[in-house]
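This report describes the salt bridges and cavities of one protein model. The sequence and structure come first.

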Amino acid sequence: MKIQSLTHAVIGTAIVVASSGPIATTATAEDHSHVAADSQVMHRTMQIDDLEIFYREAGPKDAPTVLLLHGFPTSSHMFRNLIPALADRYHVVAPDYPGFGYSSAPSVDEFEYTFDNVARVIQVFTERLKLERYSLYVMDYGAPVGFRLATAHPERVQTLIVQNGNAYEEGIDNPFWIPVKALWKERSSENREALRSMLTLDATKWQFTNGVRNVATISPDNWGHVQPLLDRPGNDEIQLEMFHSYGSNPPLYPQWQAYLRKHQPPTLIVWGKNDAIFPAEGAYPYQRDLKNAELHLLDTGHFALEEDGDVIANHMRRFLGQHVH
């Protein structure tokens, strides 16, 4: 794939808090210690069946929870900057799916790599952590995982944050999906082989850099983290199974859309509009089903947090402050 970059100008939105005069504050060492302890990101594992599920966690456990669900081909690593930006006020949790990041990656003969099964594992994960109510952040693969959780237990979802996470046919009606849809139609070795190029270093770099304003803002730590994990023996077969399983998602779109219409979760949509995988055409339809969805199209690409993490964090803090108490 060809790596492209866009150099459009961007108009930023700033949130300014004004006061009528100077405010004097006094903080003790104990206060600072408490804040640091709450905001410090912890790196933990949980045993589920024969799997060791890795997750990042920060923030006070008695605060409202934000559950962050990552995309392909990354992991909770994509939230490394967002987590501390929220952790002073929220309990933030970000797991790695089986086969991704630092979670167990059993072979395709040992684990069924389907979105149904991955969602089952993540649901068990949330229940083990006693996450009875949470705001749900869904991105890329996180959308089909998250919407399975939401439709199974709508009472658990307080708010929804959608970042380039698809639930509509319009979002996959583009050239990127042509070879993937061919695999859904016919699970042949030829169609599988045609998708192996999506697992290469060039393809990984493309996912992170295509559509961004300034490639220099995108840390190579992204593909430095992702590619060695993709290159593990047998991981290519895992990813090809997930590509095929993605075909199980479009038939569920009507069910997910019905959930949105019925339950009307307060929803914030922050979408990299230059995304060639899930373009902005997938963002607009949410407004058909959600009466008060808040939509922000950002002048960046697929992994919008890499270039506009501060913008997204500010939108989230304001939005969550309005809807979660």
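A salt bridge is counted where a side-chain nitrogen of Lys or Arg lies within 4 Å of a carboxyl oxygen of Asp or Glu. The model is predicted: local features need pLDDT of at least 70, side-chain atom pairs count only at pLDDT 80 or more, and totals for chains, interfaces and linings use all residues. Residues are numbered from 1 along each chain as its sequence is written, and side-chain values use heavy atoms, with hydrogens and water left out.

By this rule there are 18 salt bridges. The table lists examples.

| Pair | N to O distance |
|---|---|
| Arg80 and Glu306 | 2.9 Å |
| Arg156 and Glu127 | 3.1 Å |
| Glu237 and Arg196 | 2.7 Å |

Accessibility is given in classes: buried is under 20% relative accessible area, exposed over 50%, and partly exposed in between (1.4 Å probe, protein chains only). Arg156 is buried at 14%, and Glu127 is partly exposed at 36%. Glu237 is partly exposed at 24%, and Arg196 is also partly exposed, at 24%. Salt bridges with shared partners join Arg187, Arg192, Glu193, Arg196, Asp236, Glu237 and Glu241 into one network.

A cavity is a set of points on a 1 Å grid over the protein atoms alone where a 1.4 Å probe fits but cannot get out; lining residues have an atom within 4 Å of a point. The whole structure holds 2 cavities of 30 Å³ or more. The largest has a volume of about 110 Å³, and its lining includes Phe72, Asp140 and Trp177. The second largest cavity has a volume of about 40 Å³, with Pro73, Arg232 and Asn235 among its lining residues.

Technical notes. 1 Å grid on protein atoms, 1.4 Å probe; cavity = no way out; pocket = protein on both sides within 12 Å on 5 of 7 lines; lining within 4 Å. Points joined across faces, edges and corners; volume = space filled by probe spheres on them.
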